Amino acid sequence: MGGLLAASLVGLGAIGAICDGAEGPFGVHRQAASVAYRGKEVKAASASTSSDADGVHFSLPFFFGPPVKIVTFGSGIPSSQVTHIQNLLNRVNSIQRIRDFLGVRMNHTATIVLVKNAADYQAELRQLGVSAGDASSLSEDSNGFTLGSTVVIPLFQNPTDVDLANVLTHELTHVDINQHISNIPSWMNEGMAVYMGMNGQKAIENPVDFASDEKQDAEDILQVVQSNQLVPLTGSEAAILSGQETYDYELQDWLAVCYLIAHYGKSSIQTLVRHLESENPNQAFYDTYGETVSAFNAQFTKALKQSASVASAGASLEISISPSYHGEIFVQPPNQAVGHGFKAEPGTHHVTVTASGQVQADLPPVGTKKSKIPATPGTMYVSLLPQRFGSVDGQKLLDAEMEIQIQNGLYTFENAWEELENNPMYDPSYLPEVLGVTITAIHDEAPNDPILTMLNAENA
Ligand SMILES: [Zn+2]
């Protein structure tokens, strides 16, 4: 803690001097501070240099590669929580992932400061030199913050390991970038960080849930495109900091990096980083991709517009049925009042739903039946009707449901639950499995949709 405190005070002094200036706290761009904002990230600027963590070198014996120091600020965080974060970082392998992606490794210690509540988060941000007003708003709605090589993680904004895997990998990507690149446009910085945050999340999340999270983030941007609100990729986030952001720019930044990876390969990012270490961003981009940023932006925007106009072409579900489940499976497509039934058989099966609402499966059909769930646009249900009504929690089990949402032609798993006699939504779960039946994959039937090509970059 002593070392961290010293580093923080040094940072405060340096930033404080700049923050007092007429340009305001974010007016002078020398070194990036990065802030996860409303669950997403914005980049702020400060006068700190990447050497602000100098003198804070720790080695952790459990950790291979560059050292990471995890500390707490404020009270109420047990040492078991610190150990949990250490173990999670190792499990996700964040540092190595980032190094492999960027092609450069951290050469200074990264300090991760855990805070438990908004008051401590705000106090720590203030100590790092963030203005009182910004620290106040950031402490309410950001889920991570990076300044130089210091990362602040508000645990209360990241309740699950999936959240933590994402935010830790995201922020440490900024640290690595901060240690090697002094001048990087916001969209490249955030695009790489969001890409890696998703990459870290993917390492530990259920694959159907991950793909659904990815698609829902993409849908947000496609809706921005449909409403003609999309702005060009931005170099600075002044609009965000001044509250003029109309949508999450960093999701757009992420898709731009996905587009680059999908079309030029993952290794092109290493080439870009190498150029950014010694060239101005426009030159670095041109030397890597052979075109200007504005030409790329036009091409990328065109792809988004094309994707926003693609109609749903249906989807194919891969379903795994355990031998313990005996009964029927009904698939109720969007806008239909009936379910299409099949007899469950153990093994892996495929159910296809076409754009016009036809349902096919490699299971024996048992006909259609009016569903108790009314026809719903944009929502599809997979219902399980067990052969024998068992008992759960002392109540009769009636059936179980899995909900799939469809937006911009993309199918995403939403949640699963059981219906009991006196509880219509028992034990809702984000995992796509219930009563021994699991959705193991959702394939969107839209091979020419550019957004699916972009999203596939997370599998590169
Ligand atoms: Zn960020």
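This is a predicted model: local features need pLDDT of at least 70, side-chain atom pairs count only at pLDDT 80 or more; totals for chains, interfaces and linings use all residues.
Of its 460 residues, 47% are buried, and among the contacts that link residues at least 6 apart in sequence, 69% join residues at least 24 apart.

The largest nonpolar core comprises 108 residues, of which Leu255, Cys258 and Tyr259 touch the most other members. Helix H10, spanning residues 249–264, supplies the largest share of this core, with 10 residues. Because domain 1 (2–307) and domain 2 (315–444) both give residues to the core, it lies between them. When residues up to four places away in sequence are left out of account, Tyr259 touches Phe300, Ala303 and Met454.

Helix H10 also packs against helix H7 (residues 186–202), with the two axes 7 Å apart and at an angle of about 80°. Since an angle of 65 to 115 degrees counts as roughly perpendicular, H7 is placed roughly perpendicular to H10. On the H7 side, the residues that meet H10 are Trp187, Glu190, Gly191, Met192, Val194 and Tyr195, while H10 contributes Glu250, Asp253, Trp254, Ala256, Val257 and Cys258. By class, this contact of H7 with H10 is made up of 8 nonpolar, 1 polar and 3 charged residues.

Notes. Residues are numbered from 1 along each chain as its sequence is written. A nonpolar core is a set of buried Ala, Val, Leu, Ile, Met, Phe, Trp, Tyr and Cys residues joined through C-beta atoms within 7 Å. A residue is buried if 20 or more other C-beta atoms lie within 10 Å of its own, exposed if 12 or fewer, and partly exposed in between; C-beta atoms are placed from the backbone. Helices (H or I, at least four residues) and strands (E, at least two) are DSSP runs, numbered from the N terminus. Domain bounds come from an automatic or database domain assignment. Two residues are in contact if their C-beta atoms, placed from the backbone, lie within 7 Å. Axes are lines fitted to C-alpha atoms, for helices over the stretch in contact, and angles run from 0 to 180 degrees between N-to-C directions. Angles under 35 degrees count as roughly parallel, over 145 as roughly antiparallel, 65 to 115 as roughly perpendicular and the rest as oblique. Ala, Val, Leu, Ile, Met, Phe, Trp, Tyr, Cys and Pro count as nonpolar, Asp, Glu, Lys and Arg as charged, and the others, Gly among them, as polar.
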